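Hi,

Here is the structure I promised to pass on. Have a look at it first, and then read my notes below.

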Amino acid sequence: MIRKVQLPLQTLNLIVGFMVWVIISSLLSFMGDDIQVPADKVAIITAIPVVLGSVLRIPIGYYANIFGARIVFLISFILLLFPVYYISEAKTYVDLIIGGLFLGIGGAVFSVGVTSLPKYYPKERHGLVNGVYGLGNLGTAVTSFSAPVIATQIGWSATVKLYLILLLVFAALNLFFGDRKEPKVKTAMMEQIKGVYKNEKLWLFSLLYFITFGSFVAFTVYLPNFLVTNFELTKVDAGMRTAGFIALATFMRPIGGWLADRFNALMLLIIVFAGFTLAAIVLAFSPTFTLYTVGCLVIAMVAGAGNGVIFKLVPQYFNKQAGIVNGIVSMMGGLGGFFPPLLLSYIHSVTGQYSIGFMLLSQVALASLILVLWMIYSDKLSLSSEVFNNTAQGILVTDPKGTIVAINPAFTSVTGFEEEEAVGQKPSILRADRQSPDYYAQMWKSIKETGMWQGEIWNKRKNGETYLQWLNISAVKDKSGEDIRYVGTFSELPEGKAEK
């Protein structure tokens with residue numbers, strides 16, 4: 001029973017965490033009535049919760065593997081009580097910055113579920129499961145929509161205090177319904193980091209999530225004030241439209257994960273970043289309110305779907321280090337939400353418009369699209385390399401002049417020649433002189449005329465021992481029909497009797 005409730009419980013935990021994470025950005029327009037907030041500090045105040053919410057994702061993802069989701073969620077919600085209360089009593093914008101920094105714990109809990117929940121489901125469902133957990137992003141929509149409405153009735157300070165009750169309730173739920181028997185992984189953090197930091201896919205996924213989740217967070221914190229100041233919407237209307245953006249992006253997340261379970265995830269990312277590029281270009285040209293809405297909705301769709309797809313790929317490529325990799329990737333996504341608001345604010349202060357910022361987003365998205373294409377090509381090369389290195393037959397590849405340019409491990413296993421001993425030599429280092437010169441002449445005549453030869457042949461190992469093998473030689477030709485390399489595959493025949 002406890003195991004079955006982990007997905008809904010942890011998803012609700014994430015909703016609560018994200019609700020708390022965006023308290024300030026959702027209520028800043030109300031707080032500004034009582035607290036003097038300099039115009040040049042608005043972007044910093046709304047973005048600062050993202051800092052700790054991003055950086056903490058690495059240790060929280062790691063400790064979720066060590067102690068389990070129950071303990072990490074419980075402690076996180078207890079710790080959040082302090083900054084929430086502090087913000088409710090804030091008197092200056094410095095108080096908002098200090099309290100907002102520690103609100104980051106609410107955003108950091110994201111890495112708990114993506115580390116914990118895959119333990120309960122088979123690999124073919126990880127995309128959907130992580131996507132469903134990602135529905136916790138709705139927490140930002142709930143606060144963006146409800147907090148301004150409640151604040152108009154009871155004031156922003158009392159509204160913030162309501163979150164104290166919510167945190168206590170969910171701390172109790174995790175205490176009683178969290179899984180005490182969750183499988184634990186106790187590899188040292190630095191050992192896990194050393195095992196992954198040189199893997200280029202870790203940093204590629206981090207960049208991609210920097211764009212997808214970063215865009216989601218950035219638009220969440222930037223839209224409310226932008227819609228009020230640039231399109232003169234009311235605070236409540238701006239909050240509702242922001243909530244719509246968040247809801248669409250959030251519901252697209254499990255759809256993206258579900259699609260990634262069924263189709264090639266990398267091909268889906270091509271669609272995602274193509275959509276990003278086009279939508280950002282539309283926004284860059286300062287469109288009408290209608291076109292601006294369309295551009296934002298497209299970004300919501302592709303950002304949400306992209307988030308789901310990426311967290312299908314992480315456990316696929318990093319099964320044993322999922323906790324630390326989830327933490328690093330999700331940290332980069334959170335930081336992706338920190339820099340764009342600051343950059344947009346700076347660009348606007350210099351140029352008086354946001355066009356350059358959106359054009360930069362389109363170019364980064366285009367670069368990401370190119371990197372995804374490179375990864376698809378790289379995976380194909382990696383597949384070829386895996387087949388070459390893991391086939392049970394010995395393989396040697398020569399250039400047109402017959403000089404060995406590559407061998408596989410099975411070649412070394414059969415012949416005894418290491419790679420550095422064989423590469424650069426002629427295949428004649430294997431010749432046992434058990435066949436006549438005419439035998440080899442007929443072999444090469446067949447290769448030149450038909451492009452291949454196969455048959456039994458005696459060869460010798462490095463230690464001089466002879467053995468009988470079955471050998472296939474194929475010519476690889478270019479488009480003009482010229483031989484550019486020769487590939488030999490062989491296996492030792494058991495009935496061949498070795499001699500010295």
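Which residues does UniProt list for "domain: PAS"? The unreviewed entry gives residues 380–425. Keep in mind that this is a predicted model.

What is the order of its five strands? It goes 2-1-5-4-3, in an open sheet with antiparallel pairing. Strand 2 (404–407) and strand 3 are the edge strands, as each of them pairs on one side only. On average, neighbouring strands are turned by 25° against each other, if you ignore direction.

You can follow two of the pairings by eye:

- Strand 1 (residues 394–398) and strand 2 run antiparallel and are joined by three bridges. Look for Val397, whose bridge partner in strand 2 is Ala406.
- Strand 3 (residues 452–460) and strand 4 (residues 466–477) are also antiparallel, with nine bridges. Here Met452 sits opposite Ser474 of strand 4. Five residues lie between the strands of this hairpin, and Gly464 has a positive phi near 90°.

While you trace these, remember that side chains in a regular strand alternate between the two faces of the sheet.

Something also packs on this sheet: helix 20 (residues 437–450) touches strand 3, strand 4 and strand 5 (483–492). The direction of helix 20 makes about 150° with that of strand 3.

Next, go to helix 13 (residues 235–262), where you will find Thr250. Is Thr250 buried or exposed? Its relative accessibility is 0%, so Thr250 counts as buried; the cut-off for buried is under 20%. The Thr250 side chain reaches the backbone oxygen of Ile246 at 2.7 Å. If you leave aside neighbours within four places in sequence, Thr250 is in contact with Gly134, Leu135, Asn137, Leu138 and Phe216.

Helix 13 has a helix partner too. Its axis and that of helix 8 (residues 126–133) come within 7 Å and cross at roughly 175°. Angles over 145 degrees count as roughly antiparallel, so that is how helix 8 runs relative to helix 13. On the helix 8 side, the contact is made by His126, Gly127, Leu128, Asn130, Gly131 and Val132. Helix 13 contributes Arg253, Pro254, Gly257, Trp258 and Asp261.

Happy browsing!

Key
Residues numbered from 1 in each chain as written. Predicted model: local features only at pLDDT ≥ 70, side-chain atom pairs only at ≥ 80, totals over all residues. Heavy atoms only, no water. UniProt positions renumbered as here; feature names shortened; annotations may be inferred. Pairing = 2+ DSSP bridges. Helix = DSSP H or I, 4+ residues; strand = E, 2+ residues; numbered from the N terminus. Buried < 20%, exposed > 50% of the residue type's maximum accessible area, 1.4 Å probe, protein only. Polar contact = N/O pair within 3.5 Å; in protein donor to acceptor, adjacent residues only side chain to side chain. Contact = heavy atoms within 4.5 Å. Axes fitted to C-alpha atoms, helices over the stretch in contact; angles between N-to-C directions. Parallel < 35°, antiparallel > 145°, perpendicular 65-115°, else oblique.
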